[in-house]
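Here are my notes on the model you asked me to look over. Please read them with the sequence and the coordinates open beside you.

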Amino acid sequence: STVGYGDISPATELETIWENIVVLVGACFLAGLIGAFGAYLSESDTLGFNAFREKLQKLKKYMNYRHIPEDIQSSILFFHHCRWKDSQTLDERETLQILPEPLQLDISFAVKRRVIQLVPILDSLSMIVQKRIAHALILQVYSLNNHPIIYSHGDIGWEI
């Protein structure tokens with residue numbers, strides 16, 4: 001092995017050993033640096049679109065492994081795509097959980113204000129009650145093909 005352009009090479013056995021140690025340490029350092037950079041990149045996208053795509057791939061693999069029927073698989077994927085389209089996050093509750101409760105209420109109300117305003121009885125309530133209701137709302141996605149009727153007359157909506 002040589003150093004530089006090949007014009008300088010180790011002359012003694014001790015210099016050869018030292019050169020090999022330097023080469024090994026340099027290779028290990030470079031491998032560690034590349035590994036740390038790769039870990040940083042994978043960690044920095046735990047909530048982005050790549051994480052969403054990875055979650056869907058794992059979900060598809062699981063559903064195929066468990067032999068879930070195609071119509072149920074398409075409903076599950078439809079649900080996750082709607083959730084992603086609506087919030088651009090994998091878990092909205094987890095994202096809000098780190099914030100103080102008043103700020104959670106404000107954000108929930110800002111996101112779900114349109115839904116509150118569509119229901120006249122909710123729209124007439126005080127602002128703090130509207131914010132608490134908005135914070136308690138949970139997105140439920142139904143495909144019209146699979147669930148044409150969500151609630152029938154006389155049903156009690158415990159999920160609301």
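This is a predicted model: local features need pLDDT of at least 70, side-chain atom pairs count only at pLDDT 80 or more; totals for chains, interfaces and linings use all residues.

1. Residues are numbered from 1 along each chain as its sequence is written, and side-chain values use heavy atoms, with hydrogens and water left out.

2. The protein has seven helices and zero strands, where helices (H or I, at least four residues) and strands (E, at least two) are DSSP runs numbered from the N terminus. Read from the N terminus, the order of elements is α-α-α-α-α-α-α.

3. Of the 160 residues in the protein, 15% are buried, a term that stands for under 20% relative accessible area, with exposed meaning over 50% and partly exposed in between (1.4 Å probe, protein chains only). The accessible surface comes to about 12900 Å², and 63% of that area belongs to carbon and sulfur atoms; areas were computed by the Shrake-Rupley method with a 1.4 Å probe, and for residues only the protein chains shown count as cover.

4. The largest nonpolar core is made up of six residues, namely Phe-52, Leu-56, Leu-59, Met-63, Leu-77 and Trp-84. Such a core is a set of buried Ala, Val, Leu, Ile, Met, Phe, Trp, Tyr and Cys residues joined through side-chain atoms within 4.5 Å. Helix H2 (49-65) and helix H3 (70-87) each supply at least two residues of this core, and H2 gives the most, with four residues.

5. On H2, the buried residues are Ala-51, Phe-52, Leu-56, Leu-59 and Met-63. They lie on the same side of H2, because they cover an arc of only 135° around the axis, the arc being that of the directions from the helix axis to the C-beta atoms. The face of H2 turned away from its buried side carries the exposed residues Gln-57, Lys-58, Lys-61 and Tyr-65.

6. How far apart are the end C-alpha atoms of H2? They are 24 Å apart, which agrees with the 24 Å that its 17 residues should span at 1.5 Å a residue, the expected span being 1.5 Å times one less than the number of residues. H2 is followed by His-67, whose phi is positive, near 55°.

7. Ser-74 is found in helix H3 and counts as partly exposed because its relative accessibility is 44%.
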